[in-house]
Structure formats: structure tokens, C-alpha cells
Amino acid sequence: MSELLHSTEFWQYLSIPVIAALIGWVTNWLAIKMTFYPLEFIGVRPIWGWQGIIPSKARKMAAKSVDATISKIGTVREIFEQIDPQVLAEYVIQTVEPRTEEYVDELMLREYPTFWENLPASARKMVYDRVRRSTPQLVDNLVDDLSLNIEGLLDIKGMVIEQLATDKRLLNRIFLECGEKEFRFIVNSGLYFGFLFGLVQMAVWYFYQSWWVLPFFGLLVGWATNWIALNVIFRPLRERKVGPIRLQGLFLKRQREVAESFCYIVTHEILTVGNIINAVLNGPNGDRAKNMVRKHIKPLVDETAGMAKALTQMAFGPTGFATLKNQVGEKALEISSSSFNNPVFEKDRAEAVESIMVERMVALSSEEFQDLLRPCFQEDEIKLILVGAALGFAAGVAQFVFVFGEQLF
């Protein structure tokens with residue numbers, strides 16, 4: 001045993017599976033890093049450089065993610081109903097009511113400062129009170145109208161794709177958090193599978209010491225460890241029993257856990273009330289939504305003027321009265337765009353949407369569910385495998401030259 005431990009040849013042979021394990025670990029680790037980083041291209045285009053596969057095709061990957069999940073687990077109407085239009089209306093009213101005087105003063109001082117400043121305090125108070133009384137019904141009518149027409153006003157797919165394509169870090173985070181355990185397995189499995197391949201490589205090298213054996217096995221380890229890991233993650237699709245052992249793809253076993261992680265990010269950071277209202281007002285059908293807001297809010301001027309409407313029109317003139325209506329509509333749009341920044345309200349509505357989305361996602365078939373994570377491996381997968389194979393080949397050459405070179409040459 002002492003002679004064996006002092007034998008150079010013994011340590012040379014022992015290094016074969018160890019180096020193979022390191023090759024497997026490094027190539028798999030690098031494959032994961034190259035999938036997500038860097039967020040922006042580094043190098044000289046078009047060839048010399050790299051950008052993470054997910055960030056480089058952010059819009060395409062976002063579209064695949066939406067098609068695989070959101071499009072299957074919630075329609076526009078269902079999502080809006082979970083937000084609850086009635087709760088939405090109540091929140092708007094509660095937000096606007098304490099600032100009624102501020103809003104009225106701001107508008108009137110901008111448009112008709114002399115008139116408003118000279119108006120008796122009792123008359124201004126009357127205007128404030130009439131606005132307060134009229135606002136709830138107008139807001140209810142507006143929210144009801146939006147709810148009835150929400151499918152024609154909100155493009156959820158376009159909204160989510162645009163946000164994820166713009167925020168590459170968030171897109172990465174969805175894949176990384178949902179597949180955290182799988183990515184860790186891929187990296188670590190490179191070590192295990194690489195070592196097993198190394199034992200085979202050691203046996204082959206013992207009987208056949210040709211120059212190409214070590215580089216070839218290095219290439220094989222770099223390629224095969226990645227391929228095996230992917231298949232263990234996604235196959236078999238459905239649970240199979242082999243004796244007492246239950247087999248199923250690692251990712252598919254975690255369907256509920258992944259669903260909860262994915263739906264939390266989507267509902268708390270993407271499909272928030274603020275983002276949805278912003279998408280309604282500024283999306284492809286934003287002009288229609290804005291006109292709807294103006295239509296419902298402009299009558300506020302008539303109702304506030306009440307019996308003194310004729311006198312008000314005389315004071316402002318026909319054009320001035322019409323301008324005031326338009327300004328009230330524009331102020332309503334401004335309030336709509338900025339009112340939904342209450343973290344407590346956002347969190348409450350997000351949880352309401354999250355609950356239904358999780359259950360729908362858990363109910364997806366294995367074929368549908370795998371599409372959440374599978375695209376990030378399939379996209380340009382061949383590049384990652386080739387990089388791993390090339391690194392494995394280079395390591396094999398280095399092993400041949402530096403470990404066994406003296407003995408062979």
C-alpha cells in the first residue's frame with residue numbers, strides 16, 4: 001500500500017475521474033451562467049462576445065413564458081374580477097374624497113383664478129360638498145363600464161411581454177426562482193456524472209493509451225453531463241413506479257411549489273393594480289379607455305353647477321365652461337394614473353389574483369407545466385452544449401499533455 005501511494009502512476013490514474021468530475025461541474029456551472037448573464041452584450045458584435053441567452057431574446061422568452069402560463073391560467077375578465085371592480089371603486093373614492101378640496105382648488109386656480117379667489121367661502125364650500133356627493137356614483141359608473149369592456153381595453157399578454165422584455169432582470173428572476181433547485185442540481189450533477197464518466201475513462205485509458213482518448217472523453221463529459229441533467233429534470237413526464245421507487249422529472253415533482261413561486265412574482269410585481277390601470281390607459285386601446293374616463297367624469301361639472309349652471313356658464317362663457325369640463329376629465333385621468341401606489345392595497349389585490357392563478361397552474365398537465373422552464377434550456381441549447389464540449393476537450397488535451405505527457409513522450 002505504501003508503494004502504491006508513492007507511485008506516480010497511481011496518482012495519475014486517480015486524477016482521471018477527479019478531473020472529469022471537475023470538467024462536468026465547471027461546464028454545467030458555465031452553461032447556467034451563460035443562460036442568464038450578462039444582461040447586456042459584452043464584446044464586439046456580431047461574433048466576439050456574449051449576452052445571456054434569456055436576456056438576448058427577452059421578448060421571445062417573455063412571450064413563451066406568457067403562452068405557457070398566464071394565457072392558460074387566467075383570462076383578462078377573470079383576473080379583473082379577482083381584483084374586484086367594486087373594491088377598486090371603493091378604493092378610488094376613499095383616495096379621492098380626503099383631497100377633494102385640494103383637487104378643486106388646483107383646477108379652479110389654474111383655469112379661473114380671479115373668479116375662484118373672489119368667490120365667497122360659503123359658495124366654495126358648496127362646490128366641495130356637491131363634488132363629494134357626486135363623485136361616488138360617477139366612479140361606480142366608470143368602473144362598471146371599464147369592467148364590462150375590459151377584454152377590449154386590456155391586452156394582458158402584450159402588457160406582460162412588454163414589462164419582461166424591458167426588465168431583463170425580472171425575466172431572469174422568474175426563471176431562476178422557479179427553477180432554483182433544478183439549476184443547482186444541474187451544476188452539482190456535473191460533478192457526480194463527470195466522476196462516473198471518469199471511472200469509465202480511467203478503465204479505457206488503462207487498456208488503450210491513445211492520444212485521442214483523454215480529449216474525447218473530456219468532450220464527452222462536457223456534453224453528456226448537461227444532456228443527462230436536463231433529462232433527469234424533465235423526464236419522465238408522468239410519475240412511474242419502478243418497484244418501491246417513484247420516478248418523475250425533478251421539476252415536475254415540484255409543480256405546486258413552482259406555481260406558488262411563479263404566481264407570487266407575476267401577481268405582486270407584474271399584474272399589479274397599478275400596472276393594469278396603466279396598461280388600460282396607455283396600452284393599444286388607451287385612447288378608448290381615456291375617452292371612457294372623460295365621458296363619465298365630465299358630468300361632474302354639470303352636477304356641481306346644479307341650479308346655478310346658467311349663471312356659471314355666463315361667468316365662464318360657453319367656451320370656458322366646455323374647457324372646464326375637459327380639464328376635469330384630464331384631472332381624472334391624472335388621478336387614475338397615480339392613485340394606485342398604496343402597497344397595502346396592491347398586496348391585498350395581488351393575493352386575491354394569486355390564489356386563483358396558483359390553483360389553475362397546479363391543475364396544468366405535465367406537458368403544459370414543463371413549458372414554464374423548458375424554453376430557457378431549449379433556446380440555443382446547442383451553443384451551451386458545444387461550449388461545454390469544447391471546454392471538456394481542452395481539459396482532456398491539457399490532461400494528456402501535463403499529467404501523462406512525460407510518461408508517454
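**Backbone exceptions, helix packing and salt bridges**

Aspartate 84 lies in the loop between α6 and α7. The model is a predicted one. Phi of this aspartate is near 75°, a positive value in a residue other than glycine. Most residues other than glycine have a negative phi, and most peptide bonds are trans. Aspartate 84 comes after the end of α6.

Tyrosine 37 and proline 38 are joined in the cis form, with omega about -5°. Proline 38 sits in a loop as well, between α2 (8-36) and β1 (42-44).

Helix α6 covers residues 76-83. Its buried residues include Val76, Ile79, Phe80 and Ile83. Viewed down the helix axis, the buried residues of α6 fall within an arc of 95°, so they line one face of the helix. An α-helix has 3.6 residues a turn, so residues three or four places apart point the same way. The buried residues of α6 pack against several helices. These partners are α7 (85-96), α10 (121-148), α11 (150-153), α12 (156-166), α18 (273-282) and α22 (343-362).

The packing of α13 on α14 was examined next. Helix α14 spans residues 180-207. On the α13 side, the contact involves Phe175, Leu176, Glu177 and Cys178. On the α14 side, Glu180, Glu182 and Phe183 take part. By residue type, the contact of α13 with α14 divides into 4 nonpolar, no polar and 3 charged.

Arginine 173 counts as partly exposed, at 26% relative accessibility. Glutamate 177 is also partly exposed, at 35%.

In total, the structure holds 24 salt bridges. One of them joins the side chains of arginine 254 and glutamate 257, at 3.0 Å from N to O. Arginine 254 counts as buried, because its relative accessibility is 12% and the buried class lies under 20%. Glutamate 257, at 37%, counts as partly exposed.

Another salt bridge links arginine 256 and glutamate 260, with the closest N and O atoms 3.7 Å apart. Helix α17 (residues 255-270) holds both partners. Because arginine 256 and glutamate 260 are 4 residues apart in α17, about one helical turn separates them. Arginine 256 has a relative accessible area of 38% and is partly exposed. Glutamate 260 counts as partly exposed at 39% relative accessibility. Elsewhere, salt bridges that share partners build one network from Glu97, Glu101, Lys125, Asp129 and Arg132.

Technical notes
Residues are numbered from 1 along each chain as its sequence is written. This is a predicted model: local features need pLDDT of at least 70, side-chain atom pairs count only at pLDDT 80 or more; totals for chains, interfaces and linings use all residues. Side-chain values use heavy atoms; hydrogens and water are left out. A salt bridge is a side-chain nitrogen of Lys or Arg within 4 Å of a carboxyl oxygen of Asp or Glu. Buried means under 20% relative accessible area, exposed over 50%, partly exposed in between (1.4 Å probe, protein chains only). Helices (H or I, at least four residues) and strands (E, at least two) are DSSP runs, numbered from the N terminus. The arc is that of the directions from the helix axis to the C-beta atoms. Contact means heavy atoms within 4.5 Å. Axes are lines fitted to C-alpha atoms, for helices over the stretch in contact, and angles run from 0 to 180 degrees between N-to-C directions. Ala, Val, Leu, Ile, Met, Phe, Trp, Tyr, Cys and Pro count as nonpolar, Asp, Glu, Lys and Arg as charged, and the others, Gly among them, as polar.
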